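Hi,

Here is the structure I promised to pass on.

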Amino acid sequence: MEQDGGKITVTIVGGGLVGALSACFFAKRGHKVRLYEYREDIRTAEYARGRSINLAMSVRARAALAVVGLEGALVREHGIPMRARMIHSRNGERRAIPYGTSEQCIYSVGRKYLNEVLLTAAEKNPNVELYFQHKMVGGDLSKGEINVEVINSEGSKKQMMVKADLVIGADGAFSSVRKQLMKQPLFNYSQTYIEHGYMELCIPPKKSGDFAMEANYLHIWPRGNFMMIALPNQDCSWTVTLFMPFEQFKSLDTPQKLLDFFNHFYPDAVPLIGEDRLVKDFFESKPSPLVSVKCKPYHVGSSAIIIGDAAHAMVPFYGQGMNAGFEDCHIFDNLMTKHKNNLKKALEEFSDYRNPDAEAICNLAMYNYIEMRDLVNHPSFLLRKKFDMFAHWLMPNFWIPLYSSVTFSHMRYSLCIKNREWQDKVLHRSMYFLSFATILGISAVAYKCQDTILNIYTSMIRSAHQYF
Ligand code: FAD
Ligand code: EGU
């Protein structure tokens with residue numbers, strides 16, 4: 001291995017959120033980094049409409065950003081805090097449900113801005129080189145080699161081979177690096193598409209330039225088999241994401257059907273989006289699919305690893321995809337320190353340690369998707385939510401609801417599930433105990449007051465006799 005004084009060369013595939021952050025981490029360690037991104041540079045591109053326009057960021061992502069010194073600039077100065085959910089009913093009623101204590105909040109951050117700041121921060125290091133319009137098309141990961149296709153301005157393509165000590169695959173849910181990993185023996189892989197797709201719409205600012213809805217909330221319109229969610233943007237607009245089965249998207253094939261649908265299910269949103277804008281945005285875009293991907297292991301020998309969505313794409317119903325991806329970077333950085341840049345050990349431990357957690361959050365997100373569809377309005381589900389909040393308020397360090405441990409703690413995702421299972425057990429046992437105690441109590445009272453009960457009973461029978 002060509003290591004001089006512990007310094008290695010790293011090839012990063014993918015300049016999205018996780019790839020760009022990972023470049024910052026490796027640059028900070030003093031390694032030589034080359035990053036290859038398929039798209040053009042979003043900082044100079046004229047028009048770039050990516051996936052979701054803004055994202056909910058919580059403590060896991062923030063902790064990772066803090067290590068590379070970007071937490072303040074990106075989150076506390078740019079992000080818009082969301083302290084509660086605002087639930088919109090069909091009849092126009094709104095109800096706020098706080099996330100936790102007054103300090104606990106999540107932040108809405110613009111994806112493009114986040115990506116730009118991360119790329120610029122990475123590029124500030126003299127040991128980082130960014131290559132845009134460079135597409136990874138193959139390679140031999142066990143040798144640290146990748147083949148890159150360069151699309152130059154005339155549109156002609158050229159291939160070259162890039163070799164490094166370590167290849168990081170941060171190329172998203174449809175990862176090309178993962179495609180190479182699939183050739184490894186004993187590599188496990190599964191992917192699931194859900195029947196829902198998503199489409200992004202927009203609520204523009206008011207004429208006065210202000211937010212059209214209360215800012216500092218994550219707005220939700222739950223409607224059983226479909227839902228809408230809105231996050232605030234820096235320019236006082238809202239990005240609204242509509243989640244719905246593809247079949248249903250297809251059935252809304254005329255402006256009238258679309259407006260009827262919205263007036264029926266989201267009446268309060270129609271004037272906010274505006275009828276013309278709604279029709280225009282809806283028919284100009286098409287719904288995007290949502291995929292969940294699990295695989296194992298994440299590495300090849302001592303020369304390649306996948307992180308972020310490439311390793312664990314999930315459905316967005318926990319708002320944790322990017323948080324988990326940033327946490328990957330953070331954990332890998334700690335492992336490099338722990339193993340003194342020994343790649344073999346760091347890669348092995350990363351796969352072993354991270355896989356159960358990545359699969360846990362994929363499962364939680366998928367479970368939430370099912371819950372959102374089927375349970376939101378179920379009384380026992382709401383009761384449990386209320387109980388969890390109350391118990392957490394009573395014993396903040398003892399009873400931590402599932403979403404709190406996921407969103408506001410650094411607890412391993414797999415432990416968040418274990419914690420929940422423990423709580424379920426305690427609750428079920430207390431229920432049994434409570435019903436048993438109630439029956440026992442009633443019997444005891446009845447036994448103690450036999451005579452009185454008997455007296456009342458006989459006098460009732462006597463008085464009843466008068467009427468015959
Ligand atoms: P990506 O962002 O997909 O980046 C991959 C990059 O690799 C891209 O730039 C791509 O061009 C490049 N690339 C791909 N193939 C190649 C190749 N062969 N060669 C070179 N480059 C390549 N997460 C949250 O934490 N909070 C949220 O609120 C949230 N909301 C979401 C809402 C929706 C609708 C969706 C779909 C996702 C949401 N997520 C959220 C998840 C989040 O978007 C992802 O987890 C995150 O973008 C993953 O980052 P990444 O860098 O791994 O992948
Ligand atoms: C989906 C799409 C509310 C952004 C899950 C909550 C999401 C986000 C929730 C999207 C929901 C759902 C949680 C956060 C967050 C909630 C969470 C989901 C951000 C259980 C841009 N989810 N999301 N849960 O609690 O923990 O508010 O596209 F509607 S943030 Cl589906 Cl905390």
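Below is what turned up around one of the ligands, plus a note on a histidine.

Keep in mind that this is a predicted model.

Let's start with ligand 2. It has 18 residues around it, and the closest are Arg85, Tyr99, Met227, Pro316 and Phe317. Two of those also make polar approaches through their side chains: a polar atom of Tyr99 sits 2.6 Å from an oxygen atom of the ligand, and for Arg85 the corresponding distance to a ligand oxygen is 2.9 Å. On its own, ligand 2 would expose 610 Å², and the protein buries 94% of that.

Which elements give two or more residues to the shell? They are strands S3 (54-57), S14 (217-223) and S15 (226-232), along with helices H12 and H14 (402-408). By residue type, the shell splits into 13 nonpolar, four polar and one charged.

As for where ligand 2 sits in the overall fold, it lies between domain 1 (9-54 + 110-192 + 292-372) and domain 2 (80-106 + 195-289), because both of them give residues to its shell.

Now the histidine. His339 is in the loop that links helix H11 (321-338) to helix H12 (343-374). Is His339 buried or exposed? Its relative accessible area is 18%, and the cut-off for buried is under 20%, so His339 counts as buried. Leaving out residues up to four places away in sequence, His339 touches Lys345, Ala346 and Glu349.

Cheers

Notes:
Residues numbered from 1 in each chain as written. Chains lettered and ligands numbered in written order. Predicted model: local features only at pLDDT ≥ 70, side-chain atom pairs only at ≥ 80, totals over all residues. Heavy atoms only, no water. Helix = DSSP H or I, 4+ residues; strand = E, 2+ residues; numbered from the N terminus. Buried < 20%, exposed > 50% of the residue type's maximum accessible area, 1.4 Å probe, protein only. Contact = heavy atoms within 4.5 Å. Near = heavy atom within 4 Å. Polar contact = N/O pair within 3.5 Å; in protein donor to acceptor, adjacent residues only side chain to side chain. Areas by Shrake-Rupley, 256 points an atom, 1.4 Å probe, with all protein chains shown as cover. Nonpolar A, V, L, I, M, F, W, Y, C, P; charged D, E, K, R; others polar. Domains from an automatic or database assignment.
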